[in-house]
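Student: I am new to this structure and would like to go through it step by step. Please let me ask about one topic at a time.

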Amino acid sequence: MSTRVGTPPPDAAERRRAKVVVAYHAERLPPFDAGFYERVRSTLTKDAELTIPPRDARAFSVPAGHIFRIVSVEGPQVGDLNLWNEHDLSERFFSGKTRALHATHVTTGDRLWSTLPTLRPMATVTHDTLGWYGWDEDGAGVHDVIGTRCDPYTNLLLNGTEYHHCCHSNLARALAAARDMPVTEAELHVHDVLNVFMCTGFTRDTHQYFMKASPVRPGDFIEFFAEIDLLAALSICPGGDCSASHSDDTARCYPLKIEIYRPAESALAGWRSPPSSAYSRSHGI
Ligand SMILES: [Zn+2]
């Protein structure tokens with residue numbers, strides 16, 4: 001915890017009363033076209049599914065225009081999601097800008113944005129059975145873009161032990177297997193995640209990142225429309241429902257299921273993947 005020192009100036013109260021301004025005009029984003037996505041959702045055929053075992057991860061591809069679901073099975077479990085452009089791993093999910101544009105936690109209608117210089121929606125959340133949760137009395141919500149992913153480096157720093165099934169390592173192994181690359185190369189592509197089903201917030205007194213038992217139950221799912229050809233990877237967090245600990249083997253963990261759906265071609269008539277940012281990249285030079 002940080003220690004704040006310093007004597008407040010005479011006008012401290014006035015400075016603190018400065019008006020709150022939402023930093024980004026999210027209302028200027030292209031609107032969420034609920035009618036389009038509902039038409040797509042009404043024509044789905046399941047193309048594939050896979051079950052990811054606890055404390056492990058798998059990569060999977062989702063073609064643009066397809067839908068994928070992350071489904072809770074057997075028991076409450078948190079998952080850590082990474083997304084890449086299937087054809088260019090340098091374009092990947094930008095957790096920080098997604099948070100800045102939408103909120104600390106995402107739900108139906110929010111988009112998962114890609115890194116600079118492309119900055120475009122990679123996926124749109126089209127259904128979330130935990131949308132009812134909203135914000136609880138602790139200020140917590142579900143599906144956060146504020147955490148990073150549990151990793152063996154921070155674990156070693158804090159606990160002095162090596163643990164090899166943190167989400168970071170699971171995602172690195174999954175990408176290495178999918179792309180036939182060394183795990184040390186793959187881990188450089190692993191990035192801050194969408195914490196699927198995880199219930200988190202910041203403590204009111206110290207503003208520290210906290211977690212509490214996920215409200216997810218078997219049958220719950222979060223669903224995404226792939227805006228571009230995606231390579232995705234999902235880690236089944238060793239924290240289980242993240243009610244107590246992570247980065248160890250103590251939590252009870254359950255698998256998560258991935259379902260991939262193909263819509264009717266007619267539902268996608270006239271639809272195109274969003275283009276990369278049109279910024280010139282001159283940066284003023
Ligand atoms: Zn984890």
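Predicted model: local features only at pLDDT ≥ 70, side-chain atom pairs only at ≥ 80, totals over all residues.

Student: Which residue in S11 is the bridge partner of Ile70?
Tutor: Strand S3 (residues 67-72) and strand S11 (residues 221-226) run antiparallel and are joined by five bridges. For Ile70, the bridge partner in S11 is Ile222.

Student: How many residues apart in sequence are the parts that Phe68 and Phe224 tie together?
Tutor: The rings of Phe68 and Phe224 lie 4.9 Å centre to centre with 20 degrees between the planes, so they count as stacked, the cut-off being under 30 degrees. Both residues are buried. Phe68 belongs to strand S3 and Phe224 to strand S11, so the parts tied together are 156 residues apart.

Student: What is the distance from the charged end of Arg69 to the centre of the ring of Phe221?
Tutor: A charge is said to sit over a ring if, among other conditions, the CZ of Arg is within 6 Å of the ring centre. The charged end of Arg69 does sit over the ring of Phe221, and the distance to its centre is 4.3 Å.

Student: What is the angle between the ring planes of Phe36 and Tyr37?
Tutor: The model has nine aromatic pairs, and Phe36 with Tyr37 is one of them, at 5.0 Å centre to centre. Phe36 is buried because its relative accessible area is 10%, and Tyr37 is buried at 9%. Their pair is edge-to-face, with an angle between the planes of 70 degrees.

Student: Which residues form one aromatic cluster with Phe36 and Tyr37?
Tutor: Rings pair if their centres lie within 6.5 Å. The cluster that holds Phe36 and Tyr37 also contains Phe32, Phe225 and Trp271.

Student: Which residues coordinate the zinc ion?
Tutor: The donor residues are spaced C-x16-C-x69-C in sequence. Cys167 lies in helix H5 (residues 167-179) and Cys237 in the loop between strand S12 (230-236) and strand S13 (256-262), so this pair ties together parts 70 residues apart in sequence. Cys167 is buried at 0% relative accessibility, and Cys237 is buried at 4%. Through SG atoms at 2.3 Å, the zinc ion is coordinated by Cys150, Cys167 and Cys237.

Student: Is Ser247 buried or exposed?
Tutor: Ser247 has a positive phi of about 60 degrees although it is not a glycine. Its place is the loop between S12 and S13. Its relative accessibility is 8%, and the cut-off for burial is under 20%, so Ser247 is buried.

Student: Is Glu74 buried or exposed?
Tutor: Glu74, which is not a glycine, has a positive phi of about 75 degrees. This residue lies in the loop between S3 and strand S4 (79-85). With a relative accessible area of 61%, where exposed means over 50%, Glu74 is exposed.

Student: What is omega for the cis peptide bond that joins Leu116 and Pro117?
Tutor: Most peptide bonds are trans. Pro117 is found in the loop between S6 and strand S7 (121-128). The bond joining Leu116 and Pro117 is cis, and its omega is about 10 degrees.

Notes. Residues numbered from 1 in each chain as written. Heavy atoms only, no water. Donors = N, O, S within 2.8 Å, 3.2 Å for Na, K, Ca; no water. Helix = DSSP H or I, 4+ residues; strand = E, 2+ residues; numbered from the N terminus. Buried < 20%, exposed > 50% of the residue type's maximum accessible area, 1.4 Å probe, protein only. Pairing = 2+ DSSP bridges. Phe/Tyr/Trp six-rings, centres within 6.5 Å; stacked < 30°, edge-to-face > 60°. Lys NZ or Arg CZ within 6 Å of the ring centre and 35° of its normal.
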